[in-house]
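Please open the model in your viewer and keep the selection panel at hand. The stops below go from one selection to the next.

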Amino acid sequence: MNISYNWLKEYLRTDLPPGEISEILTNIGLEVDGVETVQSVRGGLAGVVIGEVLSCRKHPDADKLTLAMVDLGTGDPVQIVCGAPNVAAGQKVPVATVGSTLYQGEEEFPIKKTKIRGEVSEGMICAEDELNLGPSHDGIMVLDPEARTGSPAAAYFGIETDTVFSIDLTPNRIDAASHLGVARDLAAWLARENGVKAVRPSVDDFTVDNNDLHIPIRIEEKAGCRRYSGVTLSGVTVKESPRWLQNRLRSIGLTPINNVVDITNFVLHESGQPLHAFDVARIKGREVVVRTLPEGTRFTTLDGLERTLQGTDLMICNAEEGMCIAGVFGGIDSGVTGTTHDVFLESACFDPVYIRKTSRHHGLQTDASFRFERGSDPSITVWALKRAALLIREIAGGSISSEVVDVYPEPVEEARVYIRFGHINRLVGNRIDPDIIRSVLESLEMRMEESDDEGMVVRVPTYRVDVTREPDVIEELLRIYGFNRVEVDGHLHSNISYTEKPDREKVVNLVSDLLTSNGFYEMKSNSLTRSAYYDSEDEQDPEAVRLFNPLSQDLALMRKTLLYGGLEAIAFNINRKNPDLKLYEFGYCYFQDPAGKKDPPLDRFDEQLHMGIFLTGKSQPGNWFREAGDSSFFELKSYVELVLKKLGIDPHSLDQEGDAHPDYVEKAGYSLNGEQIVAFGRMAPGLLKRFDIKQEVYAAEFKWERVMQIVARQQVNFRPLPRFHVVRRDFSIMLDRNVTYASLRSLAFRTEQKLLKDVTLFDVYEGDKIEKGKKSYALTFTLLDEEKTLTDKQIDNAMLKIARAFEKEFGAVIRGLEKP
C-alpha cells in the first residue's frame, strides 16, 4: 500500500522528515518496506522552461518545418526547429532545453543540440503529450501570455515532488489502509509529546440544493449488506480533474480517469471507504436494490468481460437488472462517462465473506474488494458520501439533488472491553501508570466508560474490526506506548519445562535428517484441499471435516491424507521438467466422527500427525558406467523399513498387510495389534490420471501417532559382541506361488529359536523350467551359538529341522541341503 507524504500532511500537522516518519510507522506496526521520491510527472519537467517565440520563418529545405527564435530568459535567443503547425511569434511555450530528458512510458529521449535539414536546433518546443501533461498532440502548448519567460515549467504546471511510503499492511490492520488511517496512528504516537491529532476534513458544509432526484434504496440480501447509503447529484460536468487531484492520485500509482471517478478514488484512499458512482440515466426504474441474482446469470463488467454469476454474488441492481458486482467491480453499462450529467453515489458496508467469495471466484482483486473482504467501517459511510458529494459539486459543478438515503438495518455497536491494570502489567512485564494507559487509549480514539482501581471499560471504535478482546486492547496500548520503552530488569524469569519421552519433535527431526541424507526433499502442502478428492457424485465423505464458508471448492475441507497433496506437488514439478523426485512431508490430517456426541462439539473431531514418502521417476541418474534406475516398489519398501529401523522398530516384529489402501495397486503395509502403522505401494493409474501424471508414483503414509506409541515402549538393551563366529548356510526350495517369504521366515524362527539369528532371501525364480504354479526361493540362514563354537552336527540338525518344517507346513521341495 502506498502512502503519500504530502497527502498525509493534509491531515496531520508535522514537520518531521520522511525518514523519521518511516521509522515511527515501522515502530507502531505499519512496516515501511520502501521509501521513494516521485514526481507527479516523471522527471519533474527538469530542464523544461517557459520560452517566448520572438520570430518564425519557414525552413528553407522543408515545407512543414519552422525556424523559431526563442527567448529562454538567458539573454541569448536560441533557434529551434519546430514541426507544429500552430507555432507563432509572441507565444509563450514550454521548451525542453539542451541537456534535459523527456519520457514516453519507459523510454527516455535526451534533448541535444542537433541539425535538422541543415539548420541548427537547440531545444524542443513541446506538445502536451510530450511532457506527459495530457493526451493531445495536435500542436505545441500555448501558455498564458503572463507566464514569466525563463521560469521553470514545473512551477508553472504545479509539478509536485513527493515522498511515497510503501507499507506492508498486515491483514488485521485494514483500518490503516488509507491516509487518514495512517495519520491517525501517527498522531497517536506523536501525541505522547505534543498532543498532535489527526484532523478529518469537515463535511458540515453539506447541504441539499434540491430534492429533484430522489432514488430509493432497498436491501433484500441483508446478510450481505450491513449498511447502504446513497445520494444524487444533477447537472455535473464530467471532464478532466484539476491538477492537484491528478497529482494526488499519480503519487500513489493511480491513473486519473475523469473528475467524478477520480473523486471516488481520492475519497477511498483518503478515508478507506470505497465508493461507486452510477449514471442516473442508466438506473432503470429509478431504484437501487441490493440482492443476489439467479445462478448462471451473465453480467458484463467494466473490463468488457462477460462473467457468469454465482447464486451468492451480491449485486447492486436497478429495478430490472444488475448494475455492479457489489464491493468488487462495476458494470459496463452503468458507470460514469463523458455524457453523464446526473450521478448516484454509493457508499456501503458489505459482509467480508460475500465479497471474498465473489472476488476469488471471478479472479477480481480491486482496491474496493481488498478493503471490504477484510472488514470496512460501517460508521463512515455517510461521512465519505458527503465528502465525495461536496468535492463533486466543487470540481464538477451541479447540485446535490437529494437527501442522503441511509439504510442501516442493524447498527453495529462499538466493542465493549474490560481491561485489568494487573493483567496489562503482567503481559508487558513492566508497570504502566493508569494515567498513561488512559492517555494512549484515548489517542487511539478509544473511549473510557467506567474505571476503578482494578481496571476500566473501553469502547473500541468500529473501524478497529480486529480489536474485540482484552489482549487486543493491550497490544494496541503497547504498540503506541512503545516496545522499546519496555525495560528489562536483569532478572531471569523461567519455568521448568517437562516434555514427555520420547520427544516428538526430536523424533521427527531424526527421521527428517535420515531421509534428507538419503536424497529426499521435505515438502509442505495445504491442509485445506478439494472436496472432489473425497466425495463421490452420489454422496459426501461423512468423516471429512468441512468448512462452513470455503473460499472455493478447491479449499472446501481439511485433508484426511497426505497423498493428494503429494501428488499435486509431483504434478507441479513434472510440469516444470523436474520428473525425478524423492519427497517427504510431516503434516496433520483431520477427521470427524459423524455419529459422535456433539457436546462438547470438539469431541467429534480428531487431528492426527502423518508422514508421507513419495518416489517417482529415476531413483538414480545414469552415467557412462551405470544405467539410470527407475523408482520401484521395493525401493520404497526399503525406505519404509529404514525409517522403522532408525526408530528401533523391527519390521519383522510387525504384522504385514496386503490390502493396505484403496489408492494403491501394488501395496503392502505394517500393523500391530490390528492398528495400521504404515501403508505403502504403487499409486493406482486412475488416481494418477486425475492429476495428469503419466509416470509411476510410489507412496507411503505413516500414522505417526501410532509410531510414537511404539517408540515410547521401545527399550534399548545392550549386548556384547559375540565371541564366536556366525555360520551361514543356503538352500533353495520349490513351493506354491502363493506362499510368502514372510511366512517362511516366521516359521523358521518358530522352529529354531536358539541358534537361528537371521533369514534372508537372495533369489526368486518363476518360469517354464519349474512346475506351473510354483516358484523357487533361495534362502540364507545365519546361525550362532553365543556360548560355544557350533559343530557341523549342530548346524546340520538345525538346517534339517527347518527344512522338514517347510516340507510339512508348505509342501516345499528342498534342494541343496545335505542330510546327515
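**Stop one: the sheet**

Begin by selecting Leu581, which stands opposite Thr616 in strand E33; strands (E, at least two residues) and helices (H or I, at least four) are DSSP runs, numbered from the N terminus. The model is predicted, so that local features need pLDDT of at least 70 and side-chain atom pairs count only at pLDDT 80 or more, while totals for chains, interfaces and linings use all residues. Residues are numbered from 1 along each chain as its sequence is written, and side-chain values use heavy atoms, with hydrogens and water left out.

Contact here means heavy atoms within 4.5 Å, and angles run from 0 to 180 degrees between N-to-C directions, with axes as lines fitted to C-alpha atoms, for helices over the stretch in contact.

Now show the whole open sheet, whose seven strands follow the order E28-E32-E33-E39-E38-E37-E36 with mixed pairing. Its edge strands, E28 (521-522) and E36 (655-657), each pair on one side only.

**Stop two: helix H6**

Select His269, which lies in helix H6 (residues 259-271). Is His269 buried or exposed? His269 is buried, with a relative accessible area of 9%, where buried means under 20%, exposed over 50% and partly exposed in between (1.4 Å probe, protein chains only). Beyond its neighbours within four places in sequence, its contacts are Trp7, Ser178, His179, Ile252, Leu254, Asp367 and Arg371.

**Stop three: the cores**

Finally, colour the largest nonpolar core, of 79 residues, in which Leu25, Ile167, Leu345, Ile419, Ile424, Ile437 and Leu441 touch the most other members; such a core is a set of buried Ala, Val, Leu, Ile, Met, Phe, Trp, Tyr and Cys residues joined through side-chain atoms within 4.5 Å. H9 gives the most to this core, with nine residues. Another core, of 35 residues, lies apart from it and includes Val508, Met611, Leu615 and Ala668.

Technical notes
Two strands pair if DSSP finds at least two bridges between them.
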